Structure formats: C-alpha cells, structure tokens
Amino acid sequence: MSAAQTRVLFDEPGPRGRVTIVVSSIAVSLLVVAGLVAAVLQFRAHGQLATDRWQLFLDPAIIRFLAEGIGRTFLATGVAAVFSYPLGLVLALGRLSRNGVVSRVAGGWVEFFRSIPMLLVVYAFLLALPRLGQGFVLPVFWMLVVPMILVSSASTAEVFRAGIRAVEPGQWEAAESLGMEHSTLMRLVVLPQAFRIVLPSLLTGLVSLLKDSTLGYVVSYPELMQQGKTLTAYYSYLIQTYLIVAVIYVLLNLALTKLAESLQARGNRKTAARPAGGQLAAAIEATPAQ
Amino acid sequence: MIEILRDNAGFLAQGALVTVLLTVIGFLGASVLGTVTAIFRVSPIAPLRWVGTIYVEFFRNIPLLSLLVLITFGLPEIGLLLPLFWCGAVGLILSGSAFVCETVRSGINTVSLGQSEAARALGMSFTQQLRLIILPQAFRKMIQPMVNVFIGVLIGSSLVAAVGVSDITNVTQQLNIRYAEAVFLFLLSGGVYLLLAMGAGGVGGALERRLSRSRISSRGAK
C-alpha cells in the first residue's frame with residue numbers, strides 16, 4: 001500500500017548511515033541496470049529484438065485482434081461475477097443458517113470448491129458434459145464461465161461470511177431487541193453493513209476472476225490468452241506475444257487492485273478506521289494465487 | 001471404475017507425487033524469495049524498495065497461466081531452456097513469492113512499533129532488529145495467511161497441466177480421455193487436492209495452537 005502505511009523500521013540515519021545508504025543505493029541501481037542489460041543482450045543474441053518481431057504489434061489489425069480478446073476477457077469476468085456473487089451470498093447465508101442440513105450442504109460446497117483447482121473442473125466439464133445428453137452442446141463461452149462461477153462462488157461465499165461476521169454484535173442485539181425476525185434483521189441491518197465491508201474484497205475478487213478467465217486458453221474461448229496463442233500459431237513470435245499479453249494482464253489487474261484499495265481507504269475513513277476490511281482483503285488476496 | 005484405479009495406480013500416484021513436489025518446492029521457494037522481497041520493501045535503501053514494489057506488483061497481478069506459458073514457451077526463444085518440471089516450479093515460486101511478500105509485510109505491520117523502537121534504542125542494526133525482534137513475532141501472526149498461500153500454490157500447481165507437466169490434473173485428463181469416466185476421475189483427483197489442502201490447514205492450526213501456548217508473556221504486555 002502507500003508509503004504512509006509502511007512503517008519505518010529505521011531511524012533517521014547519521015553521517016555514516018547516510019554514506020552506507022548512498023553506496024548501497026548505487027550498488028543496487030548498478031545491479032538492476034546490469035540485469036536489464038543482460039536481458040537485452042540475451043534477447044539480441046537470439047535475434048528477438050529484430051524490429052519486425054515487435055512492429056507487428058503496432059499493426060491495427062493485430063491491435064484490434066488483441067482488443068477483441070480483452071473485450072471477451074471482460075465479458076467472461078463480468079458474467080462470471082454476475083452469477084457467482086449472488087450465489088456466493090446465498091451460500092454464505094446458507095452456511096450461517098441455523099438449519100443444520102442447509103448449513104452443512106453450503107459448507108461442503110464451499111470447502112470443496114475452495115480447495116479444488118479450476119482447471120480440474122474445466123477438464124471434467126469438457127469431458128463430462130458431452131456424455132450427459134445426446135447432441136447437447138454447451139457453447140465454449142459457458143465451458144469457461146461455468147467453472148469460473150463454481151470456483152468463485154466458494155471464495156465469494158467466504159468473503160460474504162467474513163463480512164457478515166464483521167458486523168458488530170451490538171447491531172444484531174439491537175435489532176433483536178427491537179423484535180425483528182431473523183430475515184428482517186439480515187435484510188435491514190446486517191447485510192447493508194456487511195456489503196460495505198466486503199465491497200473492496202469483491203473488487204479484489206474480480207482480479208482473481210480475471211485471472212481465472214485465462215483458462216480460455218484451455219477451452220479455446222478466444223479471450224486475451226487464447227488470442228495470444230492464436231497469434232503465436234500464425235507468427236511464432238512466442239516471447240514477444242506472451243510478454244505483451246502478460247503486461248496487458250498486469251496493467252488490467254493493477255487498475256482493479258488500485259480501485260479496490262482506494263475504495264477501501266475511503267471505507268476505512270467512513271467507518272472510523274475499523275480494520276475488518278483490511279484483514280479481509282489480505283485474506284482474500286492471499287487465497288487464490290492463480 | 002475400480003479397474004481404472006487398479007490399472008493406473010502407479011500413474012496416478014506419480015501424478016500426485018509431482019503435484020506434491022511442485023507445491024512443496026513452490027511454497028518453500030516462495031517463502032524464501034517472498035521474505036527477502038518483504039525485507040527489500042521495508043529497507044532503508046530506496047532502490048531496493050522500488051525493486052521490491054515493482055516485483056510484487058508484477059507477479060501479484062500476472063495470471064499464473066500467463067506466467068507459466070511465458071516461461072515454458074517464451075524463455076526457450078532467448079536460449080533459456082529449463083526442464084518442464086522446473087518451468088512449473090519457477091512459475092509457482094515467482095507468483096507465490098509476491099503473495100508471501102505481502103503476507104510478511106502485513107505480518108511485520110502487526111508487530112507494535114514500540115518493539116522496533118526498543119530494539120533501536122538498544123543499538124541494534126536494521127538486520128539485527130528484523131532477525132531477532134520483528135520477524136520472529138511477525139511469523140506468529142502469519143500462520144493462517146501462509147496456509148492460504150500454500151493452498152494457493154497447491155491449486156495453482158494444477159495449471160502446469162496446461163503446459164504439459166504430468167501432475168495429477170494432467171494425469172486425470174489423460175485418463176479422462178482414455179476411459180471417459182470424467183466424474184469419477186474428477187472426484188478422485190479432487191479428493192487428492194482436498195486432502196492436501198486439509199492437511200495444510202491442520203498443520204497450520206496445530207502450529208498456531210502451539211505458538212499461542214508459548215506466548216503467555218506477550219499477551220499482557222500490549
């Protein structure tokens with residue numbers, strides 16, 4: 001996060017300390033430059049710096065081709081979120097339900113899909129579905145998006161559950177003492193507050209959904225990653241294409257992350273710096289490393 | 001179904017072994033690299049902090065599959081040929097380390113500032129302070145997040161199947177194609193992942209209980 005939040009573990013340096021810091025700074029900078037030079041030389045030694053290998057990506061047709069991929073990446077991410085977030089909320093409520101069967105089923109679903117890699121679900125889908133019905137063909141879009149929904153519903157459910165739990169007990173007690181039923185209490189008191197707590201985490205969740213959408217590469221849905229694969233099949237500029245695709249992904253996710261962080265900073269100001277949101281975001285960020 | 005299991009027990013076990021190895025290597029490598037990066041990010045040397053920040057932002061935001069494809073198919077283009085297994089391992093280490101770095105950094109932030117001030121008042125250097133005072137206390141708060149990182153690496157390790165490493169997901173897929181028993185095989189290898197994830201959670205919980213027992217004095221000190 002911002003420099004202000006990174007606490008300072010060192011004193012204002014004295015004269016000797018300053019010299020050490022300057023010398024090490026120069027040494028580090030030189031090392032970084034040396035690393036970059038080595039990388040460039042390595043690229044050049046294998047003829048990967050040839051201008052035509054990079055100029056290709058200035059071609060409007062290629063740019064449009066990649067932009068279409070980005071559009072489908074957004075589409076898959078968005079549609080998956082639209083389905084998996086409500087599903088996640090339902091699962092979270094189910095898991096917190098006082099009905100033992102409901103809470104166990106929801107809990108089992110969440111624990112299962114939280115520990116299962118999405119690729120496994122994708123493979124199972126690719127092969128299991130054709131056997132379900134004769135001539136039943138699921139469009140390739142859903143081959144990607146349904147596994148995304150299944151996997152993300154589980155992590156979203158945990159986000160919602162943590163958010164509901166982060167609402168202060170006093171709020172529950174107050175609502176109960178007003179004679180509210182459980183469902184009214186949830187709808188009018190707890191959920192509105194929980195939503196505000198989880199909003200940044202839901203945005204961070206979009207980052208992992210966006211990352212999951214790269215599995216279009218496996219099911220051949222032409223999102224950005226698959227578009228990159230197609231390009232390499234035509235031009236075989238492997239490292240250039242995959243490097244550019246990677247940088248695009250990093251920029252997209254960086255933008256989403258920054259948005260989530262600024263929302264969170266705003267939320268924290270509003271709720272008098274309650275740390276619940278922060279811990280939550282950290283927990284969510286740490287989970288899906290895909 | 002039992003026949004599939006009997007005939008391919010060795011194949012499946014090998015796949016599971018590759019998954020376990022990748023996860024363990026990825027997690028250990030990421031822990032070391034991530035801790036080093038976290039130290040970079042709190043160090044007094046500004047260029048080190050910048051390097052740490054750029055590193056983390058890049059590897060935290062790149063999709064693992066994109067990274068794996070880049071390593072597996074891109075690096076040979078500039079003459080860096082790694083064995084397939086290590087392409088997967090390196091990808092997992094790099095992406096995992098970014099998450100470890102953030103975990104360590106927020107762990108460091110949970111240690112009260114007075115600890116650092118006291119250490120400095122005793123004349124400890126930056127490295128002594130980190131090694132003897134800050135990190136040992138930070139590690140306690142990091143167990144649960146580190147379990148999450150482990151599970152993330154475990155789940156992420158399945159993506160090596162997409163670039164051709166024969167881990168359990170890849171083996172499952174090969175058997176899927178041969179036997180067309182997708183649901184059974186899915187549940188089987190899903191069970192392997194579930195078991196490993198639960199095992200990690202169990203170890204983390206036990207570790208946490210143990211450490212909280214040995215922390216009687218620090219609770220009152222707050």
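The pLDDT is the predictor's confidence in each residue, from 0 to 100. The structure is a predicted model, in which local features need pLDDT of at least 70 and side-chain atom pairs count only at pLDDT 80 or more, whereas totals for chains, interfaces and linings use all residues. Residues are numbered from 1 along each chain as its sequence is written, and chains are lettered from A and ligands numbered from 1 in the order in which they are written.

For chain A, the mean pLDDT is 85, with 86% of residues reaching 70 or more. Helices are DSSP runs (H or I, at least four residues), numbered from the N terminus. Within chain A, H3(A) has the highest confidence, at 95, and H12(A) the lowest, at a mean of 47. Over residues 281-290 of chain A the pLDDT is below 50.

Helix H3 (residues 60-96) and helix H10 (residues 224-235) of chain A have axes that come within 7 Å and cross at roughly 150°. Axes are lines fitted to C-alpha atoms, for helices over the stretch in contact, and angles run from 0 to 180 degrees between N-to-C directions. H3(A) and H10(A) are therefore roughly antiparallel (angles over 145 degrees). Their contact (C-beta atoms, placed from the backbone, within 7 Å) involves A:Phe65, A:Leu66, A:Glu68, A:Gly69, A:Ile70 and A:Thr73 of H3(A), together with A:Leu224, A:Gln227 and A:Leu231 of H10(A). Five nonpolar, three polar and one charged residues form this contact; Ala, Val, Leu, Ile, Met, Phe, Trp, Tyr, Cys and Pro count as nonpolar, Asp, Glu, Lys and Arg as charged, and the others, Gly among them, as polar.

Conventions: Helices (H or I, at least four residues) and strands (E, at least two) are DSSP runs, numbered from the N terminus. Angles under 35 degrees count as roughly parallel, over 145 as roughly antiparallel, 65 to 115 as roughly perpendicular and the rest as oblique. Two residues are in contact if their C-beta atoms, placed from the backbone, lie within 7 Å.
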